[in-house]
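Student: I would like to go through the packing of the helices and strands in this model. Could we take the structure as the starting point?

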Amino acid sequence: MTFPNPFFFFIRLFKIMPASALVVLFLSLTTVPSLAGEDEEYVEFLPSTGSIALAEKGRPIPIVASSGDERGIAIAVNSLAEDVGRVTGTKPLVLRDQLPAAKAIVLIGTPEKNLFIRQLVDQNKLNVDAIKGKWEASLTQLVEHPFPGVEKALVIAGSDKRGTIFGIYDLSAKIGVSPWYWWADVPVKHHRDLYVKRGSFVRQPAVKYRGIFINDEAPALSGWTKEKFGGFNHRFYQQVFELILRLKGNYLWPAMWGNAFYDDDPENPRLANEMGIVIGTSHHEPMMRAHDEWRRYGKGAWNYTTNADTLRQFWRKGLRRMGNNESVVTIGMRGDGDEPMSQESNISLLEQIVSDQRSIMEEVTGKPASETPQLWALYKEVQDYYDKGMRVPDDVTLLLCDDNWGNIRKLPKLGEPQRKGGYGVYYHFDYVGGPRNYKWLNTNPISKVWEQMHLARKYGADRLWLVNVGDIKPMEFPIQFFLDYAWNPESIASEQLQSYTENWARRQFGGPHSPEIAQIISAYTKYNGRRKPELLDARTYSLTNFREFERATAEYKSLLERAERVETMLAPEYRDAYFQLVLHPVKACANLYELYYTVARNHLYAQQGRAATNRLADQVKVLFERDAAISRYYNTSLAGGKWNHMMDQTRIGYTYWQQPERDVMPAVKKISIPAAAGPAFTVEGSEQYWPVSKEEAVLPKFSSLFPDSRYIELFNQGKASYAYRITAGKPWLKISAPRGMVDQEKRVLLSVEWKDVPAGLHQVPITITLEGRSYTLRAIVDKARLKPEKGLFAERDGYISIEAAHYSRAFAQDSLSWKVLPDHGRTASALTTFPVTAPSALPGNSSPYVEYAIWLSDPGPVKVACYFSPSLDFRNEGGLRYAVSIDDEKRQVLKLEGDNSERAWNKAVAESIRIVTSEHGVKSAGKHVLKFWRVDPAVVLQKIVLDAGGLKPSYLGPPETRLGAAEQVGVASRR
């Protein structure tokens, strides 16, 4: 029988079916299960059609669970009750194995062990097919008339223990309890009314094991845990386990430097297993034994050739102690203390070690080794063994690794047979090692993390994702992003990264200021991603070229002003969380930039004999002390001293890769200053100063294409003030302060009134009179006779600078497309092609490319420097390639890793960039087209700089020279 109208269909059913059954049928037809992304909302604060009241007028409905479910679910249920109490002010009643006399309930459990949920399934009131047999899946659904006397039930059903737990904590997050409520003191917003809308919400992870590695934990985390918990014991780990679960993670490598998870507190592994956390050990700690346990109990050398029996017994005890605790066992062997194996070690020996370890597994567990989850970490030199042919059994997960600086070294080849154990990725937000430790602050832009983990996902490395997070704090934001992306990578596209950041800010601080907070987070992580703070010094940025150091410092100062302004607008209860998650890294790094900028100026001023030299030396001391004061506030005042020692990490005074024992103020210089005035001046872009220098004083060229200012800096080499006067040979050359007095220093800006300037090139004399003595310098003023159209990248002072995202046109091929990665870059955004699995192809006439319209002043040789994210040849095919050409010349194919030396890698990761240069010939002045061609996947272009003979050195490269968008770099006078 068919019904032409759904209305008549339901009228007919109403006549032949009971009302309650009809309601269930209607809901099943009108609610379609959906995979819930992190930002899918199903909790409301006003009722909607068919919703269930989780709480009304501050009175929450009861929670019903089962004593038959595992203990971890009971712990999470109790957490949910606490969370509802935090939101509503009243903690709900929690019952087990009995239904309350209530019209609405929350029902939680696994269908196999919760009899009430089983009953709903058997009566066809709840369909759990979407989660049945799945790993860590959960279903949240409203059920009408589930039991006699109960009108509505909100059911959270899990396919297994952790699936249920994740469903519970997802509801906690949706009602407004941040996973960081304890770890970052994020307040819980009060709501008297909570409703869950009608629907069926299914969630399931994409990556099987998702976790963090607590590492490099001294001095910060170790000092904090000792003071607050007495060490790395179960009271500390209870907080860690809950955080991981709230973030939908399930896996942990525990703290290991001087610590031993199993040995330090037997309650640690018991609680982990109870709460649902899978425990592993790091890449150099095989068979569930901590590194420090060998120091405590080992006998003889950590050498399998000479001490195999002792090592086997040591490992055997580790497996016995593990018991039935859910674990992933690390196999293989590295040298003692995270060092490479000895030179005499060979592949056959390492394969024998793995074979012996698996024999121990079978002996201890009484089951085939393939039934115990295992991983082999291809970390550092271990990957070389794999590349040379070493293999482990197919059921072992191959844990692929980055280079410790966020660049994945190796991924599976597309199309190769799948491994039973699959592939994973070990990633870093924190690292101890060369070229320098980075441990202090978050320096990880999520755009970079997204790009690399997107690669991993698309190339099939999705069995296990683990990230080294150091002390956990202050990596809160990238930790959550990493685990959110591992849970559901398809829900976060590259275009949604800023939206993700805004949503995260909204969940921590509420809605009104979340867009600006998100912009602040994106900005500070970009700035820190340019160069880790530990690598920063007075020589990082150019003090003279492009005003680079000044501009970088001003960017951070401006960001700090924004961050502090937002703080004043937040309610007081948000201040502690905001300081930890947003303000502190901005404040600390803005001060650090100012510190090193002041050191750089102090050194230059000492060379020039400036009277301001000693003042800057004193200012460095003030800034150094301010750095300590910022950390002291974090440690002793923030949240009433809750986080004491968390900012104990040293960061100033590195002399090599390892951290200094204490922060050391950078060396400054003081000079003897005579009493009499000592008039002198310098010009923008030069370290020379006059009257000492014998060179002609020439200002950088003024160009009508880039109508910004230049400066003259007047300074004093003595204590007494002096008078000055500046005049220009043309009235249209404007002087910001043509006369006055100089105490120590004064910056005078010069600009051009372009409407009054005749077309052509002009040489304009400028006369500077200092205490009655006159000097002449020269200004070059170029008013273009024919102004190129807006959007062209025009030559300025012998160079052109292009941000990759600002292409003129993009040409795709078949399914290939060009996409911008927002904020993935040191200065702007980056550009790459998708899909990342598309095959390589040398450039042909139909190959994908982007083009940039450029304007060159003269014909001749031009060097094209392409600035790339320092990605690695993860396919091991001889290097990632691209091609570049100008106009119709032959395309030059080049490699990102032309130099594979350790020196080149150290430079690339320290500077967060890899620069490759090609040489080209241009036959005429005027407009040309630069083309950048796609050859290999995963090449991420950030910037292009053309050197036509005038490029000066700098860290970031010159500011962009796009017409109509020229950067204004004028800076107010310094007095």
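**Helix crossing and sheet order**

Tutor: H14 passes H16 in a right-handed crossing, the near helix being turned clockwise from the far one by less than a right angle. The model is predicted, with local features needing pLDDT of at least 70, side-chain atom pairs pLDDT 80 or more, and totals for chains, interfaces and linings using all residues. Residues are numbered from 1 along each chain as its sequence is written, and side-chain values use heavy atoms, without hydrogens and water.

Student: How are H14 and H16 oriented to each other?

Tutor: Helix H14 (residues 446–458) and helix H16 (residues 497–509) pack at about 125 degrees, with axes 10 Å apart. Angles under 35 degrees count as roughly parallel, over 145 as roughly antiparallel, 65 to 115 as roughly perpendicular and the rest as oblique. H14 and H16 are therefore oblique.

Student: Which strands stand at the edges of the open sheet of four strands?

Tutor: The sheet has the order S20-S22-S26-S24, with antiparallel pairing; strands pair if DSSP finds at least two bridges between them. Each edge strand has a single partner strand, so one side is left without a neighbour in the sheet; these are S20 (679–683) and S24 (733–735).

Student: How many bridges join S22 to S26?

Tutor: Strand S22 (residues 710–716) and strand S26 (residues 745–752) run antiparallel. Glu713 stands opposite Arg747 in S26. The number of bridges joining S22 to S26 is six.

Technical notes. Axes fitted to C-alpha atoms, helices over the stretch in contact; angles between N-to-C directions. Helix = DSSP H or I, 4+ residues; strand = E, 2+ residues; numbered from the N terminus.
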